[in-house]
Amino acid sequence: MIIIYISHWRYPSAKVSSRIAIRTCEVFADRGHISELWVPWRSNSQFKGVDPYDYHHVKRNFKIRRLPAIDLMEIFPGKLSFFLMVASFNVSVALYALFRGIAKKAIFYCLDVRDIVLLNLFGPILYFEAHDYYKTPIYWLNRWLYRSAKGVTATTIMKMHSIQQEFGLPPKRTLHKPCPVDTAMFRIDTSRDEARKVLRVPSEEIIILYTGQVIFWKGVDTLLASHAFLKPKEKIYFIVGGDDGVIKEFKSKHREANAENVKVIEGQVHKDIPLWLRAADVLALPNTGRDYNSKYNTSPVKLFEYMASGRPIVASDLPSIRNIVDESTAWLFEPDNPQSLAEAVHKALSNPKVSQEKCAQAQKEAKKYDWEIRFNDIFKFIEATLS
């Protein structure tokens with residue numbers, strides 16, 4: 001089979017969805033299929049000169065095709081630039097598929113329905129993977145696109161049910177599969193002290209660690225504010241990535257908070273994150289309850305990485321989080337409440353035996369979200385819906 005993964009994201013990118021896309025292409029190729037990733041020509045000053053295969057640690061067993069697109073996103077960020085980029089990418093995708101003679105032969109696998117509006121006029125074999133449940137502003141267009149798909153994989157149960165109900169998709173054409181984690185990568189035996197020696201982190205500190213982007217719905221402001229309720233030796237470490245402008249804004253908030261027990265660390269590559277997790281005393285997932293997607297639709301890869309690492313977890317008590325962990329695997333706290341977060345941290349620290357039991361159970365649960373299991377289920381789903 002020829003399997004084409006289509007995505008308008010920039011590659012390489014620190015975004016989780018980008019890492020999933022490029023890793024998915026690698027596995028498609030590993031299974032003996034002709035695999036390609038089609039992306040627009042987009043500027044990305046943050047990753048200038050970085051090789052996407054090396055950055056994401058994947059084999060060069062598939063091709064990345066960069067197609068023409070009008071990209072003004074870095075110069076004039078906003079809806080108009082985004083529309084021009086996606087619309088022009090649509091044209092390139094459709095024309096290239098027709099030129100190659102594969103518009104009706106290849107399997108097109110997409111994260112965003114907006115990337116294949118034009119291609120869908122030619123009756124392709126479509127599969128969608130709904131992470132953030134992207135839709136156009138036009139209902140009938142969404143209905144046409146989703147109902148044209150052979151199958152839709154959703155990263156949360158609520159998202160899957162929503163797609164079924166909104167567009168009338170039968171259950172046999174939908175699959176629930178959370179975002180994956182490489183459990184072997186994060187389940188390492190490095191001790192707390194050994195990890196700190198490598199990372200040059202003070203051994204006497206009690207570290208509450210957060211990894212990832214510092215955007216609103218991740219609840220990072222709540223974690224930052226919790227510094228006021230911590231003890232002198234307790235430190236919050238933000239291992240941050242993503243957009244430079246967003247990081248700059250968060251660092252400004254950090255300075256305004258005058259939080260001496262908070263450290264913001266940039267420039268860490270993904271392969272070093274397992275070591276940072278092992279160096280921590282507690283791992284924080286402070287998602288906000290004030291954002292619909294955070295509350296109901298997210299499938300946080302960060303949480304799966306935390307679970308695989310074997311370190312105590314404090315997490316917001318939200319429906320999306322309870323789909324994955326509960327009191328047997330994590331210490332839950334009231335969302336958007338800095339004091340509640342700090343109290344959960346102190347419970348985790350003052351009950352080492354209970355924390356150890358939660359960690360062991362979390363590691364066991366993490367295996368269900370491993371890449372290999374996920375891909376096996378997706379391949380079975382494709383085979384079943386194609387027949």
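Me: Why does Thr156 count as buried?

Reply: In this predicted model, Thr156 has a relative accessibility of 4%, and because buried means under 20% relative accessible area, Thr156 counts as buried. Thr156 lies in the loop between strand 6 and helix 5 (157–167), and, leaving aside residues up to four places away in sequence, Thr156 touches His176, Tyr296, Asn297, Thr298 and Ser299.

Me: How do you know that the length of helix 3 (residues 79–100) agrees with its number of residues?

Reply: The expected span is 1.5 Å times one less than the number of residues, so the 22 residues of helix 3 should span 32 Å, and the end C-alpha atoms are 31 Å apart, which agrees. Helix 3 is followed by Gly101, whose phi is positive, near 75°.

Me: Which residues of helix 3 are buried, and what covers them?

Reply: The buried residues of helix 3 are Ser81, Met85, Val86, Ser88, Phe89, Asn90, Ser92, Val93, Ala94, Tyr96 and Ala97. What covers these residues includes strand 1 (2–6), strand 2 (34–40), strand 3 (63–67) and strand 4 (107–110). As background to such a pattern, an α-helix has 3.6 residues a turn, so residues three or four places apart point the same way.

Me: What makes strand 3 and strand 7 (174–176) the edge strands of the sheet?

Reply: The open sheet is formed by 7 strands in the order 3-2-1-4-5-6-7, with parallel pairing; strand 3 and strand 7 are its edge strands, each pairing on one side only. Neighbouring strands of this sheet are turned by 20° against each other on average, direction ignored.

Me: How do you know that strand 4 and strand 5 (residues 125–130) pair?

Reply: Two strands pair if at least two bridges are found between them, and strand 4 and strand 5 pair in the parallel sense over 4 bridges. In this region Ile107 stands opposite Ile125 in strand 5. Helix 16 (residues 371–386) packs on the sheet, touching strand 4, strand 5, strand 6 (151–154) and strand 7, and the direction of helix 16 makes about 145° with that of strand 5.

Me: How many disulfides does the model have, and where does Cys25 stand in that count?

Reply: A disulfide is a pair of cysteine sulfur atoms within 2.5 Å, and by this rule the count comes to 0 disulfides. Cys25 is in no disulfide, the nearest cysteine sulfur, that of Cys110, being 11 Å away.

Me: Why do Cys25 and Cys359 count as buried?

Reply: Buried means under 20% relative accessible area, so Cys25, at 0% relative accessibility, counts as buried, and Cys359 is buried because its relative accessible area is 9%.

Terms used. Residues are numbered from 1 along each chain as its sequence is written. This is a predicted model: local features need pLDDT of at least 70, side-chain atom pairs count only at pLDDT 80 or more; totals for chains, interfaces and linings use all residues. Side-chain values use heavy atoms; hydrogens and water are left out. Helices (H or I, at least four residues) and strands (E, at least two) are DSSP runs, numbered from the N terminus. Buried means under 20% relative accessible area, exposed over 50%, partly exposed in between (1.4 Å probe, protein chains only). Contact means heavy atoms within 4.5 Å. Axes are lines fitted to C-alpha atoms, for helices over the stretch in contact, and angles run from 0 to 180 degrees between N-to-C directions.
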